[in-house]
Structures are given as structure tokens and as C-alpha cells.
Amino acid sequence: MLKYTTICVLIIWSFQMIAQDYSEHLKVFIDCDHCDQEQIRQELSSVDYVYDKFQANLHLLITQQGTGSGGREINVTFIPNMLPGLETFTLTTHTPGDATYDMVREKILGTIRYGLTPFLFSTGQ
């Protein structure tokens with residue numbers, strides 16, 4: 001009887017640990033009209049994506065503008081929501097005038113990866 005009780009307790013405890021680990025994932029809302037959001041979701045699968053910015057722990061605001069040389073300036077603003085100790089910050093990257101669409105996507109993706117680091121550490125991922 002003691003073995004049965006111990007096994008039941010361990011099973012229940014393991015389910016609670018699994019549920020707790022899942023709920024601690026960083027929830028991200030992507031706010032970008034001109035980028036490939038599906039590619040971002042596929043390449044960065046270590047976070048959960050939401051479609052409502054009020055449910056997100058992190059709001060990514062991605063903006064672009066042309067530069068004088070024909071390239072692009074890309075700004076990725078990381079806006080934390082309900083993450084104590086973390087402040088809003090912006091990372092900026094530039095692409096040359098002859099950059100392909102894939103090069104621009106990789107620049108955006110690399111900037112997001114770099115900026116996600118403090119948020120992933122704060123959630124224990």
C-alpha cells in the first residue's frame with residue numbers, strides 16, 4: 001500500500017512540475033506589418049506566441065525606414081509586460097542597399113535573438 005501511495009504522489013507531483021514549466025514560458029506578441037511573422041515563429045520556437053498584446057509578457061515592436069544609401073534601418077523595441085526588473089529597450093540594425101529579402105529577414109531574426117536573451121534568463125528558460 002505504501003508503494004502505491006508513493007507512486008501516486010510522484011505521478012501527481014510530476015504532472016504539476018510539467019504544468020508549471022509550461023506556464024513559465026515567455027509569451028511574445030509580434031507587432032510588425034512588414035516582416036515575415038511565420039518565419040520568426042518557426043525559427044524562434046523557444047517562446048510562446050500570442051495574438052493579444054495584453055496577454056504577452058513581451059511586446060516586440062519592429063519598425064523600418066529607408067536610409068540615404070538605399071538600405072534600411074530596422075528598430076526592434078522590446079517592451080516588457082509584467083516582468084519585474086526589465087525595462088523597455090530598442091536594438092537597431094542596418095542593411096545595405098543591395099540586401100535581399102532573405103538578408104533582411106536574417107537581420108531581423110538575429111536582432112530578436114540577441115534582444116530576447118535577458119527575457120529568457122528572467123523566466124528561467
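These are my notebook entries on what I looked up in the predicted model above.

**Ground rules**

I number residues from 1 along each chain as its sequence is written. The model is predicted, so I count local features only at pLDDT of at least 70 and side-chain atom pairs only at pLDDT 80 or more, while totals for chains, interfaces and linings use all residues, and side-chain values use heavy atoms, with hydrogens and water left out.

**Confidence**

I looked up pLDDT, the predictor's confidence in each residue, from 0 to 100. The chain averages 82, and 80% of the residues score at least 70. Confidence is highest in strand E5, at a mean of 95, and lowest in helix H1 (residues 2-23), at 48. Over residues 13-22 the pLDDT is below 50, and beyond near neighbours in sequence this stretch has one contact (heavy atoms within 4.5 Å) in the model. Where pLDDT is low, the predicted coordinates should not be read in detail.

**Layout**

I listed three helices and five strands. Helices (H or I, at least four residues) and strands (E, at least two) are DSSP runs, numbered from the N terminus. In that direction the order is α-β-α-β-β-β-β-α. Of the contacts with a separation of 6 or more, 52% are between residues 24 or more positions apart.

**Surface**

I noted an accessible surface of about 8100 Å² for the chain, with 58% of it on carbon and sulfur atoms. These areas come from the Shrake-Rupley method with a 1.4 Å probe; for residues, only the protein chains shown count as cover. Of the 125 residues, 33% are buried. Buried means under 20% relative accessible area, exposed over 50%, and partly exposed in between (1.4 Å probe, protein chains only).

**The core**

Which residues have the most contacts inside the largest nonpolar core? I found Leu26, Ile40, Ile62 and Ile112, in a core of 24 residues. A nonpolar core is a set of buried Ala, Val, Leu, Ile, Met, Phe, Trp, Tyr and Cys residues joined through side-chain atoms within 4.5 Å. Strands E1 (27-31), E3 (58-66) and E4 (72-80) and helix H3 (101-122) each give two or more residues to this core. H3 gives the most, with seven. Leaving out residues up to four places away in sequence, Ile40 touches Ile30, Cys35, Tyr49, Ile62, Ile108, Leu109 and Ile112.

**Aromatic pairs**

Rings of Phe, Tyr and Trp (its six-membered ring) pair if their centres lie within 6.5 Å; planes under 30 degrees apart count as stacked, over 60 as edge-to-face and the rest as tilted. I counted three aromatic pairs by this rule. Phe78 and Phe119 are stacked because their ring centres are 6.1 Å apart and their planes are at 20 degrees. Phe78 is in E4 and Phe119 in H3, 41 residues apart, so this pair links distant parts of the chain. Phe78 is buried at 0% relative accessibility, and Phe119 is buried at 0% too. Phe89 and Phe119 are also stacked, with centres 5.9 Å apart and planes at 10 degrees. Phe89 lies in strand E5 (residues 89-95), 30 residues from Phe119. At 26% relative accessibility, Phe89 is partly exposed. Ring pairs join Phe78, Phe89 and Phe119 in a cluster.

**Two single residues**

Beyond residues up to four places away in sequence, Gln39 touches Arg105, Glu106 and Leu109.

Ser46 sits in the loop between helix H2 (37-43) and strand E2 (48-49). Ser46 is partly exposed, at 38%.
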